[in-house]
Amino acid sequence: MRQPFCQLQEEVMRRIAKFQKVSWEQFLEGWKDAFPNMEEEKIRKIYDGIRLPRRATAGSAGYDFFSPVDFELKPGETLKMPTGIRAWMEPDWVLKIYPRSGLGFKYRLQLNNTVGIIDSDYYNSDNEGHIFIKITNDSREGKTVQVQENTGFAQGIFLEYGITVDDDATAVRNGGMGSTTGK
């Protein structure tokens, strides 16, 4: 008798990562940077309601990142969203962040850096590996994007990677975007 696909998939999938919330202090700092005029009490409520990324189905590759608040983006508008999330992962793995497929297809919602790359050593950075997602509504049809709180707006996919045989990188990361220089 054949096993159902989902059961077979569960048996072969490696568990290589874990999502966690950043500390309250780190979230507060990141949120005030993105939204400087919000009251601390409201920010605390947002922090308490953060949902960890999840897959929608057993066959999904992407982990949905849920918006911590309602937001609207008119054509050409940009938003930097502090997610309150960090990702621990085994070495030699990377988390790639993309917009949710439907939002990209319907509204041309795009990440400002095309694809977000979260390296395994980002987790230990000074900012606790806090993942920010900067998105732009690049609609050419005049469509406004509206995303409700706790709705998926981005997705992350873990991928294993390799290095060259003559690789000699020994530097240690301490920072977020732009902290590795490739010297």
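Colleague: Which residues line the largest cavity?
Modeller: This is a predicted model, to begin with. The lining is made of Ile-50, Arg-51, Pro-53, Phe-65, Phe-66, Thr-83 and Ile-85.

Colleague: How many cavities of 30 Å³ or more does the structure hold?
Modeller: One. The space in the largest cavity is about 30 Å³.

Colleague: And how does the lining divide into nonpolar, polar and charged?
Modeller: Five residues of the lining are nonpolar, one is polar and one is charged. Thr-83 is on the list of lining residues, and so is Arg-51.

Colleague: Why does the Phe-19 and Phe-65 pair tie together parts that are apart in sequence?
Modeller: Phe-19 lies in strand 1, residues 17-21, and Phe-65 lies in strand 2, residues 63-66, so the pair links parts that are 46 residues apart in sequence.

Colleague: Let's follow strand 2, then. Which order do the strands of its sheet have?
Modeller: The order is 2-11-6-8. The sheet has four strands, is open and pairs in the antiparallel sense.

Colleague: Which strands stand at the edges there?
Modeller: Strand 2 and strand 8, residues 116-119. Each has a single partner strand, so one side of each lacks a neighbour in the sheet. On average, neighbouring strands of this sheet are turned by 30 degrees against each other, direction ignored.

Colleague: Over how many bridges do strand 2 and strand 11 pair?
Modeller: Four, in the antiparallel sense. Asp-64 has Gln-155 in strand 11 as its bridge partner.

Colleague: And strand 6 with strand 11, over how many bridges?
Modeller: Seven, again antiparallel. Strand 6 covers residues 93-99 and strand 11 covers residues 152-160. Trp-93 has Glu-160 in strand 11 as its bridge partner.

Colleague: New topic. What about the three strands with the order 4-9-7, what sort of sheet do they form?
Modeller: An open one, with antiparallel pairing. Strand 4 (78-82) and strand 7 (109-111) are the edge strands, and each pairs on one side only. Neighbouring strands of this sheet are turned by 30 degrees against each other on average, direction ignored.

Colleague: Which helix packs on that sheet?
Modeller: Helix 2, residues 24-34. Helix 2 touches strand 4 and strand 9. The direction of helix 2 makes about 170 degrees with that of strand 4.

Colleague: Last one. How many bridges hold for strand 7 and strand 9?
Modeller: Three, and the pairing is antiparallel. Strand 9 covers residues 132-137. Leu-109 stands opposite Asn-137 in strand 9.

Notes: Residues are numbered from 1 along each chain as its sequence is written. This is a predicted model: local features need pLDDT of at least 70, side-chain atom pairs count only at pLDDT 80 or more; totals for chains, interfaces and linings use all residues. Side-chain values use heavy atoms; hydrogens and water are left out. Two strands pair if DSSP finds at least two bridges between them. Helices (H or I, at least four residues) and strands (E, at least two) are DSSP runs, numbered from the N terminus. Axes are lines fitted to C-alpha atoms, for helices over the stretch in contact, and angles run from 0 to 180 degrees between N-to-C directions. Contact means heavy atoms within 4.5 Å. On a 1 Å grid over the protein atoms alone, a cavity is a set of points where a 1.4 Å probe fits but cannot get out, and a pocket is an open set with protein on both sides within 12 Å along at least five of seven lines; lining residues have an atom within 4 Å of a point. Grid points are joined across faces, edges and corners, and a volume is the space filled by probe spheres set on the points. Ala, Val, Leu, Ile, Met, Phe, Trp, Tyr, Cys and Pro count as nonpolar, Asp, Glu, Lys and Arg as charged, and the others, Gly among them, as polar.
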